[in-house]
Amino acid sequence: MLIIHHPAAMTAWAKEQAKAGRSIALVPTMGYFHEGHLSLMRTAARHADVVAVSLFVNPTQFGPQEDLAAYPRNFERDQAMAEGAGVQVLFAPEAADMYPAGFCTTVTVGKELTDQLCGASRPGHFAGVATVVCKLFQIVRPDAAVFGEKDFQQLAVIRRMTADLNLGVEIVAHPTVREEDGLAMSSRNTYLAPSQREAALSLSRAIALARKMAAEGERSAERLTAELRDFIHSFPATAVDYISFVDQDSLRPAEEIDAQTVLALAVKIGGKVRLIDNGKVLA
Ligand code: AMP
């Protein structure tokens, strides 16, 4: 597996692949790999001849009070895991090369998709995400890019940006990969103290509860939200950031849930660790 640090070297490699007639699939990541990331890499291999994984803890998508400095990192381990998943190139740029002196361009996707859910408590986050993904698409020139449904709003934002800017990249969505007990895998799960692990299950269990209530006939988003809020707060040290029933594409709130509705959740555990999860409620 090749390791490339500089954007220009990455683009040179991409051009060589194009010249040789090989298609490229990209998996953008912030590293500290788990089975979710590896699963995206294996899916990428089914969508193109070669797989490039970017590993970049993008500073512009973190707010001033967020966990940029503390974000878990382990380059050697990530390198071995990506190699094991059959990745051809690991692209790990430096922030100074992604955002050199004078950098002043931002891609902002409309507030219809970015102001609510995670955007409400993380102002500027999705501009950071859209800008870095747009740059990665230009640098790596992929035919396809794979994103996890775990970051459901991010997926909607990337899809919109890719269509609106005619970026010509096929966006492939990958279902959320979970631990055996239902917890959605996340690099941020490493922040959880053993005593908080049970409370972290409140998210996936809340989705299961919503499915059960929906199967029994409940369709009111308001009643479901009230029930789920009480349920999540019955776990120790949990604080709901949001519980939202939204349309899967437009992200507009749903009053009555239907087959297009996604339940999206963000919960703080122990005042510090913010976890997200989502899922359809009706089959
Ligand atoms: P991250 O490194 O957390 O920025 O994630 C990189 C990519 O992996 C994003 O497209 C995420 O949505 C995806 N991802 C992270 N966790 C999971 C998971 N548990 N299941 C599926 N995809 C995931």
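I count two strands as paired if DSSP finds at least two bridges between them, and I kept that rule in hand while going through this predicted model.

I looked up the strand order and found 3 strands forming an open sheet in the order 7-8-9, with antiparallel pairing. Strand 7 (238-247) and strand 9 (273-280) are the edge strands, since each pairs on one side only. I noted that neighbouring strands of this sheet are turned by 15° against each other on average, direction ignored. Between strand 7 and strand 8 (residues 261-269) I found 9 bridges, and in strand 8 it is Val267 that stands opposite Val240.

Helix 10 (residues 202-215) lies across strand 7, strand 8 and strand 9, and runs at about 25° to strand 9. Helix 11 (residues 221-233) lies across strand 7 and strand 8, and I noted its direction as about 155° to strand 7.

I checked the length of helix 1 (residues 7-19): at 1.5 Å a residue its 13 residues should span 18 Å, and the end C-alpha atoms are 18 Å apart, which agrees. I then asked which residues of helix 1 are buried, and found Pro7, Met10, Thr11, Trp13, Ala14 and Gln17. These cover an arc of only 160° around the axis, so they sit on the same side of helix 1, whereas Ala8, Glu16 and Lys19 are exposed on the other side. The buried residues pack against several elements, including strand 1 (2-4), strand 3 (50-55) and helix 7 (125-140). After helix 1 comes Gly21, for which I noted a positive phi near 80°.

Methods
Residues are numbered from 1 along each chain as its sequence is written. This is a predicted model: local features need pLDDT of at least 70, side-chain atom pairs count only at pLDDT 80 or more; totals for chains, interfaces and linings use all residues. Side-chain values use heavy atoms; hydrogens and water are left out. Helices (H or I, at least four residues) and strands (E, at least two) are DSSP runs, numbered from the N terminus. The expected span of a helix is 1.5 Å times one less than its number of residues. Buried means under 20% relative accessible area, exposed over 50%, partly exposed in between (1.4 Å probe, protein chains only). The arc is that of the directions from the helix axis to the C-beta atoms. Contact means heavy atoms within 4.5 Å. Axes are lines fitted to C-alpha atoms, for helices over the stretch in contact, and angles run from 0 to 180 degrees between N-to-C directions.
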